[in-house]
Amino acid sequence: MRIDRLLCLLRFVRTRSAANKLVGKGHIRRNGERVTRSSRDIQPGDVLTLPLGNTVRLIEVLSLPDRRGPPREAQACYRELDPDGQNGNSSGTTTARQGNIAP
């Protein structure tokens, strides 16, 4: 399944054109490799890195959805690998900020 269609069916974006823009910017990664074409095929077992808003979500695709259904149906098709959004960078950023404060 094309990545732009998958992002729409899994309800990460509202439209395929929004998914195309996200992919076109080169911010999405599939199994650690940058995705630059919307026609890139995604299979179950692929790990996607998605920058959405102010967060980065890391998901594993469990199955490919048939339709854009309700949120619970979409969430059953993927698994959050970093459910709290703690990817290790946030604590480093906090430490760096605290380290710059003069006593």
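Modeller: Start with the term for accessibility: buried means under 20% relative accessible area, exposed means over 50%, and partly exposed is in between. The model is a predicted one.

Biologist: What makes R2 partly exposed?

Modeller: R2 has a relative accessible area of 33%.

Biologist: Why is the contact of R2 and D4 called a salt bridge?

Modeller: The term needs a side-chain nitrogen of Lys or Arg within 4 Å of a carboxyl oxygen of Asp or Glu. For R2 and D4 the distance from N to O is 3.1 Å, so the pair meets the definition. In general, side chains of opposite charge can pair when their charged atoms come close.

Biologist: How many salt bridges does the whole structure hold?

Modeller: The search finds six. One of them joins R67 and E73, with the closest N and O atoms 2.9 Å apart. R67 is partly exposed at 48% relative accessibility, and E73 is partly exposed at 35%. Salt bridges with shared partners also join R2, D4 and R16 into one network.

Biologist: What makes D46 and R30 a salt bridge?

Modeller: Their side chains meet at 2.9 Å, N to O, and the cut-off is within 4 Å, so the term applies. This pair links distant parts of the chain: D46 is in the loop between β2 and β3, R30 is in strand β1, and the two are 16 residues apart.

Biologist: Are D46 and R30 buried or exposed?

Modeller: D46 is buried, with a relative accessible area of 7%. R30 has 16% relative accessibility and also counts as buried, because the limit is under 20%.

Biologist: Why is the aromatic pair of F12 and Y78 called tilted?

Modeller: The structure holds one aromatic pair. The ring centres of F12 and Y78 are 5.0 Å apart and the planes stand at 45°. Rings pair if their centres lie within 6.5 Å; planes under 30 degrees apart would be stacked and over 60 edge-to-face, so the remaining range is tilted.

Biologist: What does the pair of F12 and Y78 tie together?

Modeller: F12 lies in the loop between α1 and α2, and Y78 lies in strand β5, so the pair ties together parts that are 66 residues apart in sequence. F12 is buried at 12% relative accessibility, and Y78 is buried at 10%.

Biologist: Which elements make up the protein chain?

Modeller: There are four helices and five strands. From the N terminus on, they run α-α-β-β-β-β-α-β-α.

Biologist: How are the five strands arranged in the sheet?

Modeller: They form an open sheet in the order β2-β1-β3-β4-β5, with antiparallel pairing. β2 (33–34) and β5 (78–80) are the edge strands, each pairing on one side only.

Biologist: How many bridges join β3 and β4?

Modeller: Strand β3 (residues 47–52) and strand β4 (residues 55–61) pair over six bridges, again in the antiparallel sense. T49 has L58 in β4 as its bridge partner, and L52 has T55. The hairpin has two residues between the strands, and G53 takes a positive phi near 65° there.

Biologist: Which residues of β3 are on the covered face, and which on the uncovered one?

Modeller: L48, L50 and L52 are on the covered face, while V47, T49 and P51 are on the uncovered one. As a rule, side chains in a regular strand alternate between the two faces of the sheet.

Biologist: What share of the residues of the protein chain counts as buried?

Modeller: Of its 103 residues, 30% count as buried. The protein chain exposes about 6,700 Å², and carbon and sulfur atoms supply 47% of that area.

Technical notes
Residues numbered from 1 in each chain as written. Predicted model: local features only at pLDDT ≥ 70, side-chain atom pairs only at ≥ 80, totals over all residues. Heavy atoms only, no water. Pairing = 2+ DSSP bridges. Phe/Tyr/Trp six-rings, centres within 6.5 Å; stacked < 30°, edge-to-face > 60°. Buried < 20%, exposed > 50% of the residue type's maximum accessible area, 1.4 Å probe, protein only. Areas by Shrake-Rupley, 256 points an atom, 1.4 Å probe, with all protein chains shown as cover.
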